[in-house]
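Have the structure open as you read.

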Amino acid sequence: MNEIALLQTTPLFTGLSAEALAGLLARLGAARRSYARGAVLVQAGAPNRSVGVVLAGHIEAARLAPDGRALPITRMGPGGVFGDVLGGSSLSSPVTVTACENCEVLLIPYQRLLQPEGPAGQQVLQNLVRTISDKYFLLARRVDLLLLHSLRAKAASYLLAEAERAGQNTFRIPLTRSQLAGYLNCDRSALSRELGRMQREGLIDTYRSSFKLLDPDALRKLTQ
């Protein structure tokens, strides 16, 4: 997939023709940047004034916990959009975004997006507002998950949400087991034990990052 075609699939540039998008990127001053594995794209405590789109590779956003652990917020690959929520804020970024591997991203000055020119610019501004709203609801869902009292309930809630996102009961999650433990704010060993018990009880089937929900109704009851 070429770069323009990839960008057209993102929530930020959906609805734009290839010609309109190419012209808009030039007017916005979009710049392509390469990062080596481990490089920091956005530093927690520093301002971020750009919206980024991953063109190749993967990145991860994480927040530092009081005990020093990095709690993963999200991981994204080609087509992933980051900085859209924080780029317009006067506050510093609460998260650090790093390259999980060698990657390339497209960086766009946030203020340019807020000063749209022509129909294409207006469309992107509407898309930006929609993506921010969508991420707000995803954050609310994360908070609801963390408020659940048991690890089993948290794991069930997460897996049900991922199945809904995939549109089927067999799916792969975008996190490693360690990253999932961080996302659920629990110990990795405890998570592995709980998933093992859920598998033995016939609730799920799992291998590494692949899952199959065998009894979704029973999993839903766990989250109530």
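Start with α5 and α7: the two helices sit roughly perpendicular to each other, because an angle from 65 to 115 degrees counts as such. Their packing angle is about 70°, and the axes are 10 Å apart. Keep in mind that this is a predicted model.

Who makes the contact here? On the α5 side you'll find L151, R152, A155, A156 and L159, while α7 brings in A190, L191, E194, L195, R197 and M198. Sorted by class, this contact has 8 nonpolar and 3 charged residues, with no polar ones.

Now turn to the other partner of interest, α4. Helix α4 covers residues 118-147 and α5 covers residues 151-166, and their axes come within 8 Å while crossing at roughly 150°. Angles over 145 degrees count as roughly antiparallel, so that is the label for α4 and α5. The crossing itself is right-handed. From α4, the residues involved are R141, L145 and L146; from α5, they are K154, S157, Y158 and A161. In this contact, 4 residues are nonpolar, 1 is polar and 2 are charged.

| Helix pair | Crossing or packing angle | Axes |
|---|---|---|
| α4 and α5 | roughly 150° | within 8 Å |
| α5 and α7 | about 70° | 10 Å apart |

What about the loop between α4 and α5? H149 lies there. Is H149 buried or exposed? With a relative accessible area of 83%, H149 is exposed, since anything over 50% counts that way.

For another loop residue, go to D84, which is found between β6 (81-82) and β7 (96-99). D84 has a relative accessibility of 1%, so it counts as buried; the cut-off for that is under 20%. Which residues does D84 touch, leaving aside its neighbours within four places in sequence? The set is V51, Y110, L128, T131, I132 and K135. One of these, T131, also has a side chain joined to that of D84 by a polar contact of 3.4 Å.

Key:
Residues are numbered from 1 along each chain as its sequence is written. This is a predicted model: local features need pLDDT of at least 70, side-chain atom pairs count only at pLDDT 80 or more; totals for chains, interfaces and linings use all residues. Side-chain values use heavy atoms; hydrogens and water are left out. Helices (H or I, at least four residues) and strands (E, at least two) are DSSP runs, numbered from the N terminus. Buried means under 20% relative accessible area, exposed over 50%, partly exposed in between (1.4 Å probe, protein chains only). A polar contact is a pair of N or O atoms within 3.5 Å; within protein, one must be able to donate a hydrogen and the other to accept it, and residues adjacent in sequence count only if both atoms are side-chain atoms. Contact means heavy atoms within 4.5 Å. Axes are lines fitted to C-alpha atoms, for helices over the stretch in contact, and angles run from 0 to 180 degrees between N-to-C directions. Angles under 35 degrees count as roughly parallel, over 145 as roughly antiparallel, 65 to 115 as roughly perpendicular and the rest as oblique. A crossing is left-handed if the near helix is turned anticlockwise from the far one by less than a right angle, and right-handed if clockwise. Ala, Val, Leu, Ile, Met, Phe, Trp, Tyr, Cys and Pro count as nonpolar, Asp, Glu, Lys and Arg as charged, and the others, Gly among them, as polar.
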